[in-house]
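My notes follow in the order I looked things up.

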Amino acid sequence: MSRLRNLLNALAPLLVVGGVVVLVASAARSPIADKSPRSLTAFDAADDSIVCRVDRLIAARWREAGIEPASRADDLTILRRLTLVLHGTAPSLEELRLFESDRDSDRIERWTERILADRRYADYFARRLSRVFVGADQGQFVVFRRDRFWTWLGDQLHSDRPYDTLVRDMISGRGLWTDRPQVNFVAAAVTDNVIDHNKLAGRTARAFLGQRIDCAQCHNHPFADWKQTQFSGLAACFDRVSISLVGIEDNKKDLDTTADRMTQGDVTVTPAVPYHPEWMPEQGTTRQRLAAWVTHSDNRRFDRAIVNRVWGLMFGRPWIDPVDDIPNPHESTVDTNDLLDVLATDFQTHGRSLKRLITKIAAMRVFRMSSQHPAFEQGHRVDDVERVWAAFPVTRLRPEQVIGSMLQASSIKTLDQNSHWTKRAVRFFKELDFVKAYGDLGEDELTERTGTIAQALLRMNSEFSSEWTKGTLFSAAGRISGIATDDDACLDLCFLVCLTRHPTDEERSLLRKQLEGARGDQRTKIVEDLFWSLFNSPEFSWEY
Amino acid sequence: MHSSRRDFLRITAAGVGLSFAIPGLEPRAADRRGDERAKSFLTIWLGGGPSQLETWDPHPRTRIGGDVKAISTTIPGCQISDFYPHTAEQLHHLSVIRSLVSKEGDHERASYMLHTGYRPEPTLVHPSIGAIATHERPEETVEIPQFVSLGDATFPPRGGFLGNRFDAYRILNPGERGQNLVSLVDQDRQTRRLENLSILSRTFARGRQIKAEQTLHQHTIDAARRMMTSDQLKAFSVEHEPKPLRDAYGDNAFGRGCLVARRLLETGVRSIEVSLEGFDTHTRNHEGQAARARTLDPALSTLLKDLADRDLLQSTVVLVTGEFGRTPNMNPLEGRDHWPNGFSCLLGGGGLVSGLVIGSTDPEGTAQRPDDPIEVADLYATVLHRLGIEYAKEIVTPIGRPMKFCSGKPIERLSRS
């Protein structure tokens with residue numbers, strides 16, 4: 001372990017250069033974003049039957065529970081949600097101005113499309129999903145290249161390649177981790193130069209089937225009907241995979257024996273899938289056959305798993321929690337009252353397009369609801385409101401989203417693939433530092449958490465905070481205090497760049513007093529203090 | 001990070017000022033000794049799964065024993081691995097349990113089990129024992145966090161359904177005072193910033209008062225501010241400790257962590273975990289375990305002696321454990337794999353009976369279960385009982401389900417007073 005750490009330390013300068021090269025390369029590749037979205041070509045907005053069906057399903061739950069749903073959130077709040085979950089930042093002032101000047105009634109739909117077309121969606125979502133596919137650990141750098149995997153996955157998401165095809169690539173891919181980045185799915189399970197078959201089996205079930213089979217390693221699953229033998233069979237599907245200088249390969253020779261936990265004697269385990277072996281084709285390598293089985297059109301767990309995952313990423317809370325321990329679906333029939341089944345079927349019959357799935361969820365009434373609800377004032381039936389999704393969930397933002405919003409708010413212009421590469425490099429490294437200091441959520445990123453004292457200290461007193469609030473010639477705080485035409489405009493700008501909203505009347509009247517008559521240095525300090533307060537406010541680090 | 005010395009002086013000065021202003025306020029519980037002290041809980045966490053055969057339960061010269069040798073200890077008749085010569089001399093302070101059993105063989109699930117006494121469940125996160133101790137026995141005089149995790153633990157202990165504010169406060173690099181503890185601006189500006197903040201918080205609470213409270217946003221800010229001005233922050237530093245003592249603990253993160261743990265115990269911190277990772281030796285087990293022992297042995301033995309010398313051992317329950325043990329049989333890579341069917345821990349202090357050896361494992365490595373098996377829940381019932389906490393107390397969890405703090409029963413042999 002310490003040797004590995006030394007190696008990593010030695011490679012740190014290389015990593016820096018590598019990171020910059022990756023950033024520059026992807027900046028050069030990305031198309032320039034369309035500045036004003038005016039088309040609705042990619043997905044037919046009229047094809048909203050799935051949206052209506054899900055809306056009806058959820059409304060039925062409200063009726064059943066006798067609970068009134070929250071009212072609609074305002075458009076700026078919805079825009080903030082969309083950019084936070086899809087780009088990992090709050091919208092820039094530049095984007096906000098454009099959005100506010102767009103008065104058409106379908107602007108949210110068009111902006112959803114615009115956000116998904118932007119390379120920032122592909123990059124950010126690739127990072128979220130890569131935690132599921134290759135974990136959050138460092139891994140062995142020599143045989144595992146997370147950066148390559150990110151870029152590869154980002155490319156797949158950007159072109160909206162059918163989800164099942166990229167999963168098949170990951171499970172069965174062969175070659176070098178740099179040249180064929182999808183094989184990093186396998187390379188991430190290498191410990192001490194040995195491929196951990198159990199880890200691969202566990203991850204395959206969790207990431208692609210939304211079920212935890214890994215606990216069956218030592219005992220049968222506490223509630224699902226996973227047996228120890230089923231786990232070993234699944235793990236044996238990876239028995240023939242090998243790692244060498246030419247990369248990840250499939251060995252031809254027979255390696256069907258494994259060590260028994262008790263005796264360490266050889267026992268023969270045949271590669272097998274835990275259910276419906278008839279979905280496994282006869283032809284191909286064991287991994288190709290496994291990949292075909294996982295993504296088989298009758299394997300409903302596959303589509304249900306990604307639907308629950310995407311739902312979780314968009315709401316901060318999965319439909320079924322925990323996200324990767326979903327109960328078994330009904331055998332043979334699709335349950336038309338089960339939201340996961342309904343969305344999963346739609347997903348599968350529409351080319352397993354992730355962009356389409358996201359678009360549909362974003363169009364649902366439940367995604368556009370306010371997080372304010374009378375129950376949250378009166379304290380009556382709070383749990384019921386949450387159980388039936390009668391208000392948008394209030395969840396903690398990921399550290400990446402907090403630092404992403406901070407960096408975006410410190411600049412008036414949009415920070416994206418068109419920004420200067422130095423700005424992008426700064427963002428890349430700042431993000432790494434901040435995430436480490438704030439506390440990486442690891443793979444377990446959809447668990448509900450509150451904030452901690454350490455995070456409060458970081459937001460209040462850290463160098464991130466001091467740098468970010470400082471009113472200089474180039475910072476947002478400095479520029480706003482200089483360019484705002486009057487006190488009201490100044491407050492408006494501060495609130496928009498930090499919180500994606502205008503100040504309330506109460507806030508305006510209380511805060512304006514500080515700015516009245518203040519000039520020069522004194523004014524800058526007041527704006528700096530306001531920036532600090534906005535950054536430390538609950539709104540900044542919570543999704544609502 | 002930078003100018004930490006100046007910050008330190010500023011904070012110290014503030015602390016001194018405070019103690020002048022409010023006579024009678026006792027900044028540390030350190031002056032109380034022995035029975036007068038409320039009991040604290042200290043876990044030495046050996047992450048990755050230490051091998052029982054290379055720590056407290058060696059079987060030398062057997063098929064499963066590996067190359068390890070056994071040495072005698074200050075507990076008559078009890079031998080441990082020769083990787084731990086210093087600990088052997090302090091072992092009489094503790095008892096040895098060689099027959100822990102659990103059903104969890106995955107790191108994450110087993111770490112959960114060994115932190116909480118419960119197996120993971122999909123609908124509920126159980127609180128760690130350290131969090132329960134803090135919840136049930138808060139120490140009013142402590143201004144720094146009452147539950148502290150020292151070291152870069154993979155699975156730090158959590159507050160579970162008691163709430164995240166009972167999560168352990170983490171010091172990743174023990175010996176550093178903790179980061180971001182000094183305000184960026186002068187008092188007037190800080191006041192303005194906090195006033196602005198309360199205006200913004202009011203807006204956020206509108207229409208979602210209960211959700212806003214559940215975020216604990218204001219609570220963490222208040223706790224952070226209290227901590228920023230506390231004299232007790234000194235407990236996180238080791239620079240004023242004598243060099244020979246620091247060297248005896250070991251000049252590494254874990255050694256410093258153990259020394260800081262002692263200082264936190266003196267301050268009155270309720271629960272502490274010091275973690276040492278790297279026991280997951282699937283390959284070359286002997287070398288891997290030996291390397292960890294070179295860090296663990298000096299630190300643990302010095303800590304036990306230091307606590308005993310300062311009369312802190314009577315008021316501190318000490319537990320040395322990992323998430324599971326390792327297979328009796330070696331795998332083809334000369335490693336040992338995960339083994340929850342009979343592994344070892346050390347337990348003592350806090351008035352528990354010391355010098356006992358409980359349970360034994362099969363020297364042939366064929367038995368499925370050890371003799372005299374001890375369930376993890378019973379281990380923790382023993383700990384909670386010692387801390388003066390009603391271990392079987394039922395509390396209603398956020399999902400409305402009543403749940404006992406601990407489902408086990410105290411091990412009577414250890415609890416006899």
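I began at the second largest cavity, where β7(B) gives the most to the lining, with three residues. This is a predicted model, so local features need pLDDT of at least 70 and side-chain atom pairs pLDDT 80 or more, while totals for chains, interfaces and linings use all residues. Residues are numbered from 1 along each chain as its sequence is written, chains are lettered from A and ligands numbered from 1 in the order written, and side-chain values use heavy atoms, without hydrogens and water.

**Cavities**

I noted the terms. On a 1 Å grid over the protein atoms alone, a cavity is a set of points where a 1.4 Å probe fits but cannot get out, and lining residues have an atom within 4 Å of a point. Grid points are joined across faces, edges and corners, and a volume is the space filled by probe spheres set on the points. Strands (E, at least two residues) and helices (H or I, at least four) are DSSP runs numbered from the N terminus.

The second largest cavity has a volume of about 90 Å³. I found 13 residues in its lining, with F41(B), T43(B), H115(B), G130(B) and E273(B) nearest the centre. Besides β7 (271-276), the elements of chain B that give two or more residues are β1 (40-46), α3 (107-116) and α4 (129-136).

I then checked the largest cavity, which holds about 120 Å³ of space. Closest to its centre, among 15 lining residues, are P328(B), W339(B), T361(B), D362(B) and G365(B).

I counted 26 helices and eight strands in chain A. Buried residues (under 20% relative accessible area, 1.4 Å probe, protein chains only) make up 58% of its 544 residues.

Why is helix α15 of chain A largely enclosed? Nine of the 10 residues of α15 (354-363) are buried, so the rest of the structure largely encloses this helix. L354(A), K355(A) and R356(A) are among the buried ones.

A nonpolar core is a set of buried Ala, Val, Leu, Ile, Met, Phe, Trp, Tyr and Cys residues joined through side-chain atoms within 4.5 Å. The largest has 149 residues, and L354(A) and Y163(A) are among those with the most contacts inside it. Helix α23 (487-499) of chain A gives the most to this core, nine residues.

Beyond its neighbours within four places in sequence, Y163(A) is in contact (heavy atoms within 4.5 Å) with residues including F133(A), F208(A) and L354(A).

Definitions and conventions:
Buried means under 20% relative accessible area, exposed over 50%, partly exposed in between (1.4 Å probe, protein chains only). On a 1 Å grid over the protein atoms alone, a cavity is a set of points where a 1.4 Å probe fits but cannot get out, and a pocket is an open set with protein on both sides within 12 Å along at least five of seven lines; lining residues have an atom within 4 Å of a point.
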